[in-house]
Structure formats: C-alpha cells, structure tokens
Amino acid sequence: MSLREQQLIDGFARIHDNLRISVTDRCNIRCFYCMPDEGVEFTDRSEILTFEEIERFVRVAATLGVTKLRITGGEPLVRKDLPKLIKRLAAIPGIRDLAMTTNGVLLTQHAQSLYDAGLRRLNVHLDTLDRDRFRQITRRDDLPRVLDGIETARQIGFSPIKINIVAVKNLIEPDVVPMAIYCRERGFEPRFIEFMPLDAQDLWARRKVLSADEIIDTLSREISPLVAVPDADPRAPATEYRYADGGGVVGLVASVTRPFCLNCNRLRLTADGNVRYCLFALEETDVKHILRGGSDEDLAEAIRGTVADKWIGHQINSGRFVPPPRPMYSIGG
Ligand code: SAM
C-alpha cells in the first residue's frame, strides 16, 4: 500500500493525524456555554465505548497515520480508571503525542496516576480566578479544587500545562488580564477560545463572542505587546503569540473571527462511538456497531470514508450556519 493510501487525506488535501477521543458525556460541572443546569440526559453506559473498544479504534487509526491523541469529554476524569486507558493508548505503536483536556475538579486525586500512566500534556479549563464568577459560569463552587488540581499537576511535572478560557463578551473581560498574569507567573499558556455556537440552550450570538483581536489588544496594552510566533504549527487550532518582554506565550483559538478550517487535521470519536470530521459536523459515522461486530478493515474503511466526506469548513459566519445536533459536552471538546 502506498503512503498516500495509508494516510487520511480528505478532498481538500488535508492530512488527518490528530484524534480527539471523548471518554464520557458526563460532567461534574455545568458551564452555561456547554450544558444546561438541569435535566441533562446522559448516554446509557451500555452505549459508551469500553476501553478495549477505544484502544482498538486507536490501533486502527494509528495504522492510517493518526499520531496525536487528546482525551476529552464531558469530563474525562469522571470516567472510572482513566489512567488504565491512558497507559494502553500511550503504548500503541505510532502514537507520539497524548494530551488531555479537563476541568481540573478531580485533578488533585488523579494527577499522579495519570502521570505514571504516561500522560504529560494537560489543558485545564479555567475561565476566572473570581469565585463568584466561577460559580456563575459553572453553577458549581469548585474554584479552590481546580486551583489545587492545577498546582498539584505542576508540582508533579506535567508540561506543558495550558489553561482554556472561553471568551464570552460582557462576562470575562475582568478576567483576561488576571488569567494571563496567573499563567505567566507559573509558566502556563493561556488559551483564549472564542465562544462557539455549541451550547445546549441556544444562547450563542455573534455579539457574545469576545474576539481574539480584542484580547490581543487588552494584553498588549496591559501586560506587554504580543507578537505572533512566526514558526508556530499552522495546523494547531490556537494561533500563538509571544509577549515582547519574554514573559511567555498566549494562545488564541479564533474559531469564529478567524476560522482555521483549511488547516484542520482533526477527527473526533464520541463517547458513544461515532466518528466526526468537525465539531460542527451535521453528520457522523457510527463505528460502535463495527467495534461490536465488524473487522478492523471495516473500521479502517469507515474512518477513511468519514475523512473523504469532510466538508471544507464550518459556516459559523454565514447565514447557512446550522448548529450541530449535539452540544459540546456530548461531542467532546
Ligand atoms: N470537561 C473538560 C473541560 O472542561 O475542559 C473537557 C470537555 S470541554 C467540552 C472542552 C473544552 O471546550 C473546554 O475546555 C472549554 O474550553 C471548551 N468549550 C466548551 N463549550 C464551549 C463553547 N460553547 N465555546 C467555546 N469553547 C467551549
């Protein structure tokens, strides 16, 4: 088989080597831009992929050129025995990079076993250092636990630690500078992610997005001028900027104001066994039935087919935009 046949290349010549795996749709907090406060219906446990099924999927995906994995959810740390999965995935030939996105609430108790299992890279989601605003955003009072979890992870040696901040206008402006300073002082990279239309309650509107440009202006004015990193990976979702004074790096995920679909190299596996080629995709490929009764070749064919059908990009900025049928927590962010 030629190299081209072994790789996942879509109709726009984009090579797919990056897989996000959601291990659960359950979460222990209720961020308003992702989940409703009450009445969330979670997938029945029997419909959630087992660790064996996830591992098999990744083994096959690795033969098709997938080298990078990110574990996400829901909240991945509510999935029992997650370090066991991490260990199995880290050992798969071809997997060179393994990261996890978490809300940090359960990090203190799990950080060491995750590290021992082979995880090194963490994104922790934290929008604010203000306890009231944390409660307002997440509908839970867990800020001290998250801060403790991040500190524990730092002391254990996780690196890099990136901090995900969802940029919602008329809400997190007071947090932009304190979050950036918190990260600068600890060697973390803040990642400001523009609020995307992925909430469960249709709250999104373009005017509620705090744009990457506004954040760059604020940080450049209040801390130190930000300069684009020239040699940054063009396929990474975040555009990276460096402080001119050498005080570290800031990432901006400008999915709304500067979509980066043409550089997209990502695929997603949902907790209930569907493959998606985009966060905003309106269609997905059910691979659970293959994992529960088909061959590896069937699985490879399904993955190839999903990539082959990938659209050129999401339509957030056009009148044609239709929000995906699943909210963020059920896709896996
Ligand atoms: N529970 C983990 C967490 O909180 O990071 C992982 C799953 S969460 C869905 C993944 C990331 O999605 C979060 O870190 C948050 O930054 C981002 N996110 C959630 N809803 C979003 C939205 N509507 N727009 C932009 N980013 C969002």
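**View 1. Arg191 and Glu189 form a salt bridge.** In this predicted model, the closest N and O atoms of Arg191 and Glu189 are 3.3 Å apart. Arg191 counts as buried, at 10% relative accessibility, and Glu189 is likewise described as buried, with a relative accessible area of 10%. Both values can be set against the cut-off for the term, since buried means under 20% relative accessible area.

**View 2. A salt bridge links Arg88 to Glu55.** The closest N and O atoms of this pair are 2.7 Å apart. Arg88 is partly exposed, with a relative accessible area of 28%, whereas Glu55 counts as buried at 13% relative accessibility. Side chains of opposite charge can pair when their charged atoms come close. A search of the whole structure finds 27 salt bridges, and the one between Arg88 and Glu55 is shown here.

**View 3. Glu301 and Arg304 meet through their side chains in a salt bridge.** The N to O distance in this pair is 2.8 Å. Glu301 and Arg304 are three residues apart in helix 10 (residues 296-308), so about one helical turn separates them. Glu301 counts as partly exposed, at 44% relative accessibility. Elsewhere, salt bridges that share partners join Glu52, Glu55, Arg59 and Arg88 into one network.

**View 4. Leu85 is a buried residue of helix 3.** Helix 3 comprises residues 82-90, and within this helix Leu85 has a relative accessible area of 0%. Leu85 and Glu52 are 33 residues apart along the chain, and their C-alpha atoms are separated by 8.5 Å. Glu52 also belongs to the salt-bridge network that includes Glu55, Arg59 and Arg88.

**View 5. Helix 4 packs with helix 6.** The axes of helix 4 (residues 107-117) and helix 6 (residues 143-156) are 8 Å apart and meet at an angle of about 25°, which means that helix 4 is roughly parallel to helix 6. The crossing of these two helices is right-handed. Leu107, which has its place in helix 4, is buried, with a relative accessible area of 0%. From Leu107 to Arg145 the C-alpha to C-alpha distance is 8.2 Å, although the two residues are 38 residues apart in sequence.

**View 6. Helix 7 packs with helix 8.** Here helix 7 (residues 173-186) and helix 8 (residues 212-222) have their axes 10 Å apart, at an angle of about 60°, and helix 7 is therefore oblique to helix 8. The crossing of helix 7 and helix 8 is right-handed.

**View 7. Phe12, Leu262 and Ile312 make a nonpolar surface patch.** The area of this patch is about 300 Å². Phe12 is found in the loop between helix 1 (3-6) and strand 1 (18-22), and is partly exposed, with a relative accessible area of 40%. The value for Phe12 is 40%, and residues that make up such patches have over 30% relative accessible area.

Methods: Residues are numbered from 1 along each chain as its sequence is written. This is a predicted model: local features need pLDDT of at least 70, side-chain atom pairs count only at pLDDT 80 or more; totals for chains, interfaces and linings use all residues. Side-chain values use heavy atoms; hydrogens and water are left out. Patches are made of residues with over 30% relative accessible area and no salt bridge: like charges are joined within 9 Å, nonpolar side chains (Val, Leu, Ile, Met, Phe, Trp, Tyr) within 5 Å. Accessible areas come from the Shrake-Rupley method with a 1.4 Å probe; for residues, only the protein chains shown count as cover. A salt bridge is a side-chain nitrogen of Lys or Arg within 4 Å of a carboxyl oxygen of Asp or Glu. Helices (H or I, at least four residues) and strands (E, at least two) are DSSP runs, numbered from the N terminus. Buried means under 20% relative accessible area, exposed over 50%, partly exposed in between (1.4 Å probe, protein chains only). Axes are lines fitted to C-alpha atoms, for helices over the stretch in contact, and angles run from 0 to 180 degrees between N-to-C directions. Angles under 35 degrees count as roughly parallel, over 145 as roughly antiparallel, 65 to 115 as roughly perpendicular and the rest as oblique. A crossing is left-handed if the near helix is turned anticlockwise from the far one by less than a right angle, and right-handed if clockwise.
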